[in-house]
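User: I'm new to this one and would like a close look at a single part. Could you pick a pair of packed helices, walk me through it, and then show me what else is going on around the place?

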Amino acid sequence: MTSDTLSRTNTAPVYLDNQSTTRLDPRVLAAILPYFTEEFGNPHSESHAYGRTAAEAVEQARREVAALIGADPREITFTSGATEANNLALKGAAHFARAHPQDPPRDHIVTLATEHKCVLESCRRLEEEGFRVTILPVEPDGLISLAALDAALTPTTLLCSVMAAHNEIGVIQPLAGIGALCHERGVLFHTDAAQAFGKIPLDVAAMKIDLLSISGHKIYGPKGIGALYVRRRPRVRLAPLFDGGGQERGLRAGTLPAPLCVGLGRAAALAAAEMDGEAVRLRRLRDRLYHSLARRIPGLRLNGNAERRLPSNLNLAFPGLPAPDLIAACPSLAVSTGSACTSAAVEPSYVLRALGLPDALANASIRIGLGRFTDGAEIDFAADALAAAYYAAARNAGSPYIEAVGSGIAEGAE
Amino acid sequence: MMKRPETYLDWNATAPLRPEAAAAVAAALQHCGNPSSVHRWGRAGRRIVEDAREAVAALVGAAAPEVVFTSGGTEANNIALRGSGRARILVSAVEHASVLEAAPEAEAIPVDGNGIVRLDALDALLAADPRPALVSVMLANNETGVIEPAGRIAELAHRHGALFHCDAVQAAGKVPLDCRALGVDLLTLSAHKLGGPSGIGALVAAPDCGLEPLIRGGGQERGRRAGSENLPGIAGFGAVARAAAELAVWDRVRALRDGLEAALLAIAPDAVAFAAAAPRLPNTAAIAMPGRPAETQVIALDLDGVMVSAGAACSSGKVRPSHVLEAMGAGPDLARSTIRVSLGWSTTKAEIARFLESWTALYRRPRNLEGMRAA
């Protein structure tokens, strides 16, 4: 254990769980705070100055969010987060289609086995309501097969939902290809871009995206705010999830939280300005971490496509050691076994299973998410800490795998 | 701290953040960690969420596990009305738009001239149809402040096997509130109405209400409401719930409100203070200046730096007369000339004086009373 490792033991752990949530950028905080205190008006109180000031701030934020994906501000509906946006996109499209059937009626939804729980759960609910759902498998590297998608789309397919960048394995799907296929077949294309928005370039026109879900707290903005992009031309119609008050053009009722909207807008504007440089920096750091670990841990496996992937993400299987043991042996790092919603669960990630990983490997996998505030020193610390924890935990557990490769590792770890 | 050059009397639309809530929000905004993550930062977030849940439960006399955090009162009302699975839904005629629109097929419970639910009519409605029902009546009205007899409504509902949902968005933190004593099965709360942040609310659901979730996903809030927890919002809600438990401050506010109404009626004998004799929130006044459209009044007062509203904020852009005042039997002309003045815990005597001055100047300008005579 290096002295650097020791010095960390009494400080906060290094945060490498940025796919779960991100630290609020201080610049976003500064933008938000006035709207919590001085400018506290209800943005729907159009009759007085406090209300109008809040309303203007909300509209500025709407423009900033729209600009990042090449949308019109009127196409942005604020929600409480990406989970609500995903629920609104899927159930809203389905319920509207049922209320206003085309000929033939479109009642079929296509999605991937690796989608976020909130998409899969929404689909399951729609299935209970009589919609038909096709859940496509993915390739071993986590990417969609466009041929399989093409085969799955039928004249009754209403909507196809595919995550832009994956929350666990970071893979980036071929959005333009999916959009082109959907467009050709008259199928609505929804993408859950909670992890992609602000991290990689997105263009709703070029990618032919009809519905796109956005989260604030994944891009150094506040929790409790997100948005759904809803195409206006041609117009995509949705039934609201909830009603009352008529806010957000009747699509999403409830008083808008002006400070949170401002925070999402500012976070989007910062991401727009810094995305390119940040992607280069993160990729370099991420690759440094990966190579450092791979050199010391024979058999280390990268889950998901190595190239078509978020520059900040690693999902690694540490051979022969259950991930919870590794994490427990490494308290100076905040990493996770997968999605936060289910990270308390003990069963292996359904996402890794969908890639075809055997349970032993899926159980041995951790997710590492770098972020805007991750620096080189933290990456080197993390590499040392993970390698040390791996061998310590494996020795304690008496892992036969590690004993078998032990001598070779000692050299590699030097 | 707070810059208040103007006179803000629209607290029922939204209340300025209380200092206690501001501190909690600012601290939580700087806490990084998803409360559902198992690592140290996640667990610290989880503690913030569960402490707030305790505080919110305590404010309304419920148990912490009954509190489901939502994005606000509108969402909570929608979960209650759309998720109950009850064959019949009965709502009072004076409910908030989020209740009325969440259950467009609901049967209306008539109200009296003060906007109070007629219990005999509710009894008859419930007796007329044996199917399982949900009764939804707000605790206090957002436009008039009138307080409904929630305990007796709950008793009636339960006698007929119905569930009782109560929208307590405006009442919480202003009057004593005890879910258990009242017999409320489902209760809606909104943080920003009591000086917490906007974007957070709660549905307090008694066990075995069997609610169908509106938002599905990662299983947060025990599967009743999915989505990463709004940590700063929840922290601010908890802080304001603790601060709002102290109700003594409202005696002063009530005196200010009563003084305001008395002064107006002395200046303007034809003005109307709605439901002044009914049990009401201490902070709300609905006042008609006959012959002057509410929109005109609100704009004139705004130009003078006094902020009030013509009714509910969500619909304040519309010119439709208030459905609440109409249900109370006010004619459309009187309803169209009514503004809502709502005070808060920090409202001062000087602010009330500013309002009176501004309102009186407007009152003395020539008005068109033709419509009133015709009506």
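Analyst: Let's start in chain B, where helix 9 of chain B passes helix 13 of chain B in a right-handed crossing. Keep in mind that this is a predicted model.

Who does the touching here? From helix 9 of chain B come B:Leu256, B:Gly259, B:Leu260, B:Ala263, B:Leu264 and B:Ile267. Helix 13 of chain B answers with B:Lys349, B:Ile352, B:Phe355, B:Leu356, B:Trp359, B:Thr360 and B:Tyr363. Sorted by class, the residues of this contact are 10 nonpolar, two polar and one charged.

As for where to look, helix 9 covers residues 249-267 of chain B and helix 13 covers residues 349-364 of chain B. Their axes are 11 Å apart, and the two pack at an angle of about 20 degrees. Angles under 35 degrees count as roughly parallel, so helix 9 of chain B is roughly parallel to helix 13 of chain B.

Staying in chain B, have a look at strand 12, residues 338-342. Five of its five residues are buried, so the strand is mostly covered. On one side sit B:Thr338, B:Arg340 and B:Ser342, on the other B:Ile339 and B:Val341, and all of them are buried. Strand 12 of chain B pairs with strand 10 of chain B (residues 284-288) in the antiparallel sense, over five bridges. One pairing you can pick out is B:Ala285 with B:Val341 as its bridge partner in strand 12 of chain B.

Now for the open sheet in chain B. Seven strands form it, in the order 2-8-7-6-5-3-4, with mixed pairing. At the edges stand strand 2 (67-70) and strand 4 (107-109) of chain B; each has a single partner strand, so one side of each is left without a neighbour in the sheet. On average, neighbouring strands of this sheet are turned by 20 degrees against each other, direction ignored.

Helix 3 of chain B (residues 73-83) lies across strands 2, 3, 5, 6, 7 and 8 of chain B, running at about 165 degrees to strand 7 of chain B. Helix 6 of chain B (residues 150-159) lies across strand 5 and strand 6 of chain B, at about 155 degrees to strand 6 of chain B.

Over in chain A there's another helix pair to set beside the one we began with. Helix 4 (residues 82-99) and helix 5 (residues 117-128) of chain A have axes that come within 9 Å and cross at roughly 30 degrees. Helix 4 and helix 5 of chain A are therefore roughly parallel to each other. Helix 4 of chain A passes helix 5 of chain A in a right-handed crossing. Residues of helix 4 of chain A that take part include A:Thr83, A:Leu90 and A:Ala94, and among those they meet in helix 5 of chain A are A:Cys118, A:Val119 and A:Leu126. This contact divides into six nonpolar residues, four polar and one charged.

The two chains also meet each other: 61 residues of chain A are in contact with 68 residues of chain B. Helix 5 of chain A gives the most to the side of chain A that touches chain B, with five residues. That side has 24 nonpolar, 27 polar and 10 charged residues.

One last stop is A:Gly369, found in strand 12 of chain A. It counts as buried because it has 28 C-beta neighbours inside 10 Å. A:Gly369 and A:Asn18 are 351 residues apart in sequence, yet 4.6 Å apart in space, C-alpha to C-alpha.

Note on methods. Residues are numbered from 1 along each chain as its sequence is written. Chains are lettered from A and ligands numbered from 1 in the order in which they are written. This is a predicted model: local features need pLDDT of at least 70, side-chain atom pairs count only at pLDDT 80 or more; totals for chains, interfaces and linings use all residues. Axes are lines fitted to C-alpha atoms, for helices over the stretch in contact, and angles run from 0 to 180 degrees between N-to-C directions. Helices (H or I, at least four residues) and strands (E, at least two) are DSSP runs, numbered from the N terminus. Angles under 35 degrees count as roughly parallel, over 145 as roughly antiparallel, 65 to 115 as roughly perpendicular and the rest as oblique. A crossing is left-handed if the near helix is turned anticlockwise from the far one by less than a right angle, and right-handed if clockwise. Two residues are in contact if their C-beta atoms, placed from the backbone, lie within 7 Å. Ala, Val, Leu, Ile, Met, Phe, Trp, Tyr, Cys and Pro count as nonpolar, Asp, Glu, Lys and Arg as charged, and the others, Gly among them, as polar. Two strands pair if DSSP finds at least two bridges between them. A residue is buried if 20 or more other C-beta atoms lie within 10 Å of its own, exposed if 12 or fewer, and partly exposed in between; C-beta atoms are placed from the backbone.
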